[in-house]
Every structure is written in C-alpha cells, then in structure tokens.
Amino acid sequence: MNSKALPRQINNLEVGVYECEIHLKFRLIEEKSLLGDREQLLQVLLDALTEGSDDFLETLQASVKAQEVSEFKASPQMRRQLMRLRNAAENPPT
C-alpha cells in the first residue's frame, strides 16, 4: 500500500467565491466548560454535525444558503488563493 496521497485532479477546476449562511438548532450533551470557549465550541459542533445525529447530538432544524459573489468582495488573501488555484489548473505540474 502506498502511503502517499493521490494528486488532486485540477484539470477542469472551476472555483468561485461564495457567501454561505448556516442556521442550526440542536440539542447537545457536552461538558459545561466547553461553552465558555466559542472557537472550541464551534469546532466541536462542526465535528459533531459532520458525524451526524447520535446519542449526544440531536438536530432540530438546519438550513443552509450559499450564493456566489464577485471575487472582488473577497479579502486580498482569498483573491490571491483564487489566482493560485486558477494558475495551478492552467499550468499543471509535470
């Protein structure tokens, strides 16, 4: 078995900038101390949501909206990343 990751196919890569909005309502069994750290709580919630509902997480409501926006609304860092992705698609490594 090869432990190297497979190269990502970026030949026909079309990327854009999207604004995404997520509204969630759920019940969660978790340590009380976690609720004081927003960043850690958000990471735990995202991990739990990707795993799906179980005995510790009960999703009550979920809605997701995503819409493409002009790349000029993105930060300069995101625009640079977009250019890198597009350049990689145009000039694949040999």
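The model is predicted, so to speak for local features I need pLDDT of at least 70, and for side-chain atom pairs pLDDT 80 or more, while totals for chains, interfaces and linings use all residues. Residues are numbered from 1 along each chain as its sequence is written, and side-chain values use heavy atoms, leaving out hydrogens and water.

I placed I22 in strand β1, residues 17–28 (strands are DSSP runs of E, at least two residues; helices are runs of H or I, at least four; both are numbered from the N terminus). With L24 and V64, I22 makes a nonpolar surface patch of about 290 Å².

Next I turned to the salt bridges (a side-chain nitrogen of Lys or Arg within 4 Å of a carboxyl oxygen of Asp or Glu), and the count came to 2.

I found E58 bridged to R27, with the closest N and O atoms 3.1 Å apart. E58 lies in strand β2 (57–69) and R27 in strand β1, so this pair ties together parts 31 residues apart in sequence. I noted E58 as partly exposed, because its relative accessibility is 40%.

I then checked E71, which bridges to R86 with the closest N and O atoms 3.0 Å apart. E71 lies in the loop between β2 and α2 (76–90) and R86 in helix α2, so the pair ties together parts 15 residues apart in sequence. I logged E71 as partly exposed at 27%, and R86 as partly exposed at 31%.

Terms used: Patches are made of residues with over 30% relative accessible area and no salt bridge: like charges are joined within 9 Å, nonpolar side chains (Val, Leu, Ile, Met, Phe, Trp, Tyr) within 5 Å. Accessible areas come from the Shrake-Rupley method with a 1.4 Å probe; for residues, only the protein chains shown count as cover. Buried means under 20% relative accessible area, exposed over 50%, partly exposed in between (1.4 Å probe, protein chains only).
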